[in-house]
Amino acid sequence: MLAHQCYPIRIMFVAVISLLMQAIIPASAQLTSEPEPSVTSLSKPQKNEPLPLDTLLDSHGQPINIPHQTQSALEYSSAEIKPINTSKTKSNQPAKTTKVKKLNRKQQLASRNHVANDPNCRWLDKRIGQLEAQINGIQNNHLQHVSDEINIRNKEWQCLKCGAEGPDQNDHSNCQYRRETNTK
């Protein structure tokens with residue numbers, strides 16, 4: 001009920017404020033001597049002075065220096081690239097006139113003289129090489145895990161047929177090493 005009684009007072013208050021605002025705004029507009037920008041004046045750039053050649057201005061009107069020499073923003077030099085031989089046979093040796101004995105299927109699968117063109121086979125070849133270099137002829141209890149991994153990787157090598165034609169599509173999941181879990 002109180003809200004109904006205050007309604008006429010509120011209407012009169014808003015009317016008085018709007019009249020005062022109309023009286024104040026034209027007075028403050030007369031105080032500033034600059035004309036109000038129109039749509040046509042905003043679309044045309046103000047012509048103060050023409051810029052000399054080869055100068056640019058930033059957002060604050062300050063000149064930006066333009067280098068006269070061309071230079072790259074990034075200096076990069078790549079590492080030397082060594083060609084990768086897909087086969088492990090040495091091409092530096094002179095060709096022998098004797099007949100080379102052809103390996104049977106089992107020997108060919110176990111041999112690492114030839115690496116199949118497969119990313120898994122290339123990785124296995126490098127990993128077995130790293131592990132063999134790590135052992136380097138030393139056999140002790142501290143490197144038992146390395147020799148265990150070499151055995152596991154050699155089994156993967158043979159299962160994936162990396163010494164011959166390479167793995168089939170199903171070989172990847174079948175040949176993947178899985179640790180034995182001790183369930184009690």
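# Reading cores and salt bridges

Colleague: Which residues does Leu 160 touch, leaving aside those up to four places away in sequence?

Modeller: Leu 160 touches Asn 120, Leu 124, Gly 166, Pro 167, Asp 171, His 172 and Cys 175, not counting residues up to four places away in sequence. Contact means heavy atoms within 4.5 Å. This is a predicted model: local features need pLDDT of at least 70, side-chain atom pairs count only at pLDDT 80 or more, and totals for chains, interfaces and linings use all residues. Residues are numbered from 1 along each chain as its sequence is written, and side-chain values use heavy atoms, with hydrogens and water left out.

Colleague: Which residues make up the largest nonpolar core?

Modeller: In soluble globular proteins, nonpolar side chains tend to be buried together. A nonpolar core is a set of buried Ala, Val, Leu, Ile, Met, Phe, Trp, Tyr and Cys residues joined through side-chain atoms within 4.5 Å. Buried means under 20% relative accessible area, exposed over 50%, partly exposed in between (1.4 Å probe, protein chains only). Here the largest core has 9 residues: Val 115, Ala 116, Cys 121, Leu 124, Ile 128, Trp 157, Leu 160, Cys 162 and Cys 175. Helix α4 (residues 119-135) gives the largest share, 3 residues. Helices are DSSP runs (H or I, at least four residues), and strands are too (E, at least two), numbered from the N terminus. Another core, of 5 residues, lies apart and includes Leu 131 and Ile 150.

Colleague: Where is Arg 153, and is Arg 153 buried or exposed?

Modeller: Arg 153 is in helix α5 (residues 144-159). Arg 153 counts as buried because its relative accessibility is 18%. Trp 123, Leu 124, Arg 127, Ile 128 and Leu 131 are touched by Arg 153, not counting residues up to four places away in sequence.

Colleague: Which side chain meets Arg 153 in a salt bridge?

Modeller: Side chains of opposite charge can pair when their charged atoms come close. The cut-off for a salt bridge is a side-chain nitrogen of Lys or Arg within 4 Å of a carboxyl oxygen of Asp or Glu. Arg 153 meets Glu 156 (2.7 Å, N to O). Both lie in α5, 3 residues apart, about one turn of the helix. Arg 127, Glu 149, Arg 153 and Glu 156 are linked in a network of salt bridges.

Colleague: Which salt bridges does Lys 161 form?

Modeller: Lys 161 pairs with Asp 168, closest N and O atoms 3.1 Å apart. Lys 161 also pairs with Asp 171, at 3.2 Å.
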